[in-house]
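Subject: Structure handover

Dear colleague,

Here is the structure I am passing on to you. Please have it open while you read the notes under it.

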Amino acid sequence: MLLSCQNIALSFGDREVLTKINFNIEDKEKAAIIGINGAGKTTLLSVIMGSLTPDSGAVVKSPDISIGYLSQHQDIMFDNTVYAEMFEAKRYIIDIEKRLRELEELMKDKTGEELEKILSEYNRLQTKFDNESGYAYESEIQGVLTGLGFDKEDYDRHISTLSGGQKMRIALGRILLTHPDLIILDEPTNHLDISSLTWLEGFLSSYKGAVLLVSHDRYFIDKIVDKIIEIDQGVSTVFKGSYSYYSEEKAKMREAAYRAYMNQQAVIKHEQEVITKLKSFNREKSIKRAESREKMLDKMEVIDKPTEVNTDMRLSLTPNVQSGEDVLLVEHLKKSFGDNTLYEDINIDIKRGEHVALIGGNGTGKTTLLKIIDRLIPKDEGSIKLGSRVKIGYFDQEHKNLSMDKTIFEELSDAFPDLGNTKIRNILAAFLFTGDDVFKRIGDLSGGEQGRVSLAKLMLSPANFLILDEPTNHLDIQSKEILEEAIRNYTGTLLYVSHDRYFVNRTATRIIELRNRVLTNYIGDYDFYEEHRDEYYLVQNGDNPLAAPDAALTRAGFTKITDRSSGDTLEDAGSAPSMTSSKEQYLAQKEAQAAERKRQNALRRTEEEIESLEARLSEIDAEISLPENGTNIGLLTQLTREQEELTAKLEELYEKWGEF
């Protein structure tokens with residue numbers, strides 16, 4: 001055992017943050033602490049690291065344990081270049097190597113016990129040097145820097161010139177290079193793009209030591225951990241397994257707890273009714289029986305109502321107006337900033353009902369593309385066409401659509417003056433703003449709170465084409481799941497940028513990757529994209545000089561063959577699926593998606609027609625039942641005939657609906 005938290009409790013004033021925290025971290029174990037915002041996750045890490053003292057309980061650590069800790073708000077005070085700072089992280093290896101050379105010199109002149117003593121130290125240090133891959137520390141430094149998104153051109157940059165996110169990556173890199181027994185990371189994914197995230201997942205998954213992390217990135221957690229430590233209302237519960245396993249088990253536990261609560265409530269209600277009835281008889285025996293039942297009821301251990309997911313924040317995103325089939329057509333788009341060309345000659349075609357995720361590395365221009373589509377910044381070349389009746393709703397991760405000086409209530413009431421106070425308060429309550437919270441100034445809110453205000457405005461807008469830029473930033477896991485469910489049920493069209501791969505996997509019907517200034521389409525979720533990433537990229541952009549690096553060819557399964565007579569590079573068709581086969585697969589998937597859209601549209605029209613006929617039949621029933629129509633034979637005959645015709649038509653529609 002490396003670490004044990006035993007009955008940890010901690011309060012700040014009257015607020016209990018942690019009440020009963022118990023878990024162990026074993027050697028080589030990978031665990032994640034999860035919970036809603038404010039659950040006390042970061043506070044618990046501070047207790048483990050000793051910067052906070054618990055009111056009761058203890059943190060027990062293995063003797064001589066080495067811990068590498070990355071705080072979410074770490075002070076970065078490195079006075080060095082990028083490479084030199086990473087080099088310092090391996091200083092202990094360099095010191096071992098230096099001492100080995102010194103001992104080799106000492107051996108030359110020593111004999112007997114002195115030599116034995118030197119040999120003992122030499123063998124111990126040599127073993128440590130070998131175990132730490134001492135001869136490969138430079139390549140390890142380069143591998144970590146590359147994995148975290150630094151190019152060789154960055155090696156000589158002074159850390160003071162880096163952005164906050166880059167500095168955090170340097171701090172993370174230092175920890176990874178020191179190989180501690182236990183790595184503790186608080187939100188390590190906040191400043192990483194998808195390629196860096198993927199690299200870090202691989203590094204931590206194969207790490208020989210233990211890992212304890214706090215993260216809202218469910219895909220990241222799923223790839224790494226084998227234990228989930230949930231903090232709910234100050235109490236910890238341990239689940240052995242991945243996040244997906246935890247999610248399933250938690251849902252079962254929540255359902256069982258709620259069922260037990262509801263069953264007990266039914267028993268209590270029944271007993272109370274019986275007691276009331278017995279007392280109403282007003283006889284000595286019945287009153288005694290009532291009193292006896294009351295005593296039994298008082299002794300009953302009442303089950304608290306379990307916290308329910310999705311009860312705090314309910315999102316309903318429903319477009320008021322349906323757009324045409326064609327929603328967005330981008331052709332031959334080009335955008336540059338000075339000498340930096342983000343993309344040129346890119347094309348996008350989005351149809352009604354599609355949920356399209358735009359992904360790519362940091363700096364590739366994803367947010368810029370969204371802003372160009374929403375006409376917030378100009379394009380250099382190309383055309384952007386919106387389909388008929390398309391109304392855009394834009395969610396900006398910087399929340400520039402909010403007035404910082406207004407209160408939350410004013411923000412909504414000014415934007416939607418036709419809404420009454422009660423309606424506005426109900427909407428805000430759905431986004432966790434209740435009571436006097438609605439009078440908080442926008443500028444005083446956290447990033448997550450501002451995001452919820454922006455989402456509330458978006459929900460009230462008449463938009464049927466949502467463009468979202470990192471909508472899950474600053475949301476805890478529960479809020480993300482609520483937003484996911486709303487988007488999955490959204491019947492309008494969606495284009496969004498997100499680094500949250502779990503969110504993308506749950507909500508996208510198509511993925512567009514922006515890489516090397518070109519776009520690649522993947523008809524499917526994030527798992528499909530991961531499986532076919534390089535293959536599809538190569539198929540769709542094979543004639544683009546930027547599109548086919550050798551590494552991409554190899555990962556896609558294509559072997560590079562050189563014709564010795566001409567020096568030309570060929571592709572080994574026998575070593576991988578052919579280009580034609582991949583293209584056919586891509587086109588077949590696109591055709592299948594079009595067919596599915598057609599089926600969904602036909603289903604929707606049939607349901608609308610059924611709803612209309614049922615409404616009319618209800619009206620006819622009401623007209624026939626009116627007393628004043630009872631003697632109007634002509635009208636009754638006409639209504640009865642229409643009723644029969646509509647009933648027959650409705651039966652046909654029910655039959656048709658059942659075939660979808």
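Predicted model: local features only at pLDDT ≥ 70, side-chain atom pairs only at ≥ 80, totals over all residues.

Residues are numbered from 1 along each chain as its sequence is written, and side-chain values use heavy atoms, with hydrogens and water left out.

Helices (H or I, at least four residues) and strands (E, at least two) are DSSP runs, numbered from the N terminus. Two strands pair if DSSP finds at least two bridges between them. Axes are lines fitted to C-alpha atoms, for helices over the stretch in contact, and angles run from 0 to 180 degrees between N-to-C directions. Contact means heavy atoms within 4.5 Å.

The three-stranded sheet

Three strands in the order β11-β10-β13 make up an open sheet with antiparallel pairing. At its edges are β11 (340-351) and β13 (381-386), each of which pairs on one side only. From one strand to the next the twist averages 15 degrees. Strand β10 (residues 326-337) and β13 run antiparallel and are joined by five bridges; L329 has K385 of β13 as its bridge partner. Helix α11 (residues 366-373) lies across β10, β11 and β13, and runs at about 125 degrees to β10.

The six-stranded sheet

Another open sheet has six strands in the order β14-β15-β16-β12-β17-β18, and its pairing is mixed. Its edges are β14 (392-395) and β18 (518-522); each has a single partner strand, so one side of each is left without a neighbour in the sheet. Here the twist averages 15 degrees from one strand to the next. Strand β12 (residues 355-360) runs parallel to strand β16 (residues 493-497), with four bridges joining them. The bridge partner of A357 in β16 is Y496.

α14 lies across β14 and β15 (465-469), at about 175 degrees to β14. Helix α17 (residues 526-541) lies across β12, β17 (510-515) and β18, at about 130 degrees to β18.

The α12 and α14 pair

α14 also meets another helix: the axes of helix α12 (residues 408-415) and helix α14 (residues 447-460) come within 11 Å and cross at roughly 20 degrees. That makes α12 roughly parallel to α14 (angles under 35 degrees count as roughly parallel). The crossing of α12 past α14 is right-handed, meaning that the near helix is turned clockwise from the far one by less than a right angle. On α12 the contact is made by I408, E411, L412 and A415, and on α14 by V453, A456, K457 and L460. These residues divide into six nonpolar, no polar and two charged (Ala, Val, Leu, Ile, Met, Phe, Trp, Tyr, Cys and Pro count as nonpolar, Asp, Glu, Lys and Arg as charged, and the others, Gly among them, as polar).

Helix α1 (residues 41-49) is mostly covered, with seven of its nine residues buried (buried means under 20% relative accessible area, exposed over 50%, partly exposed in between, with a 1.4 Å probe and protein chains only). The buried residues of α1 are K41, T43, L44, L45, S46, V47 and I48.

Q600 sits in helix α19 (residues 579-625). Its relative accessibility is 36%, so Q600 counts as partly exposed. Q600 and G353 are 247 residues apart along the chain, and their C-alpha atoms are separated by 9.3 Å.

Regards

Terms used:
Parallel < 35°, antiparallel > 145°, perpendicular 65-115°, else oblique.
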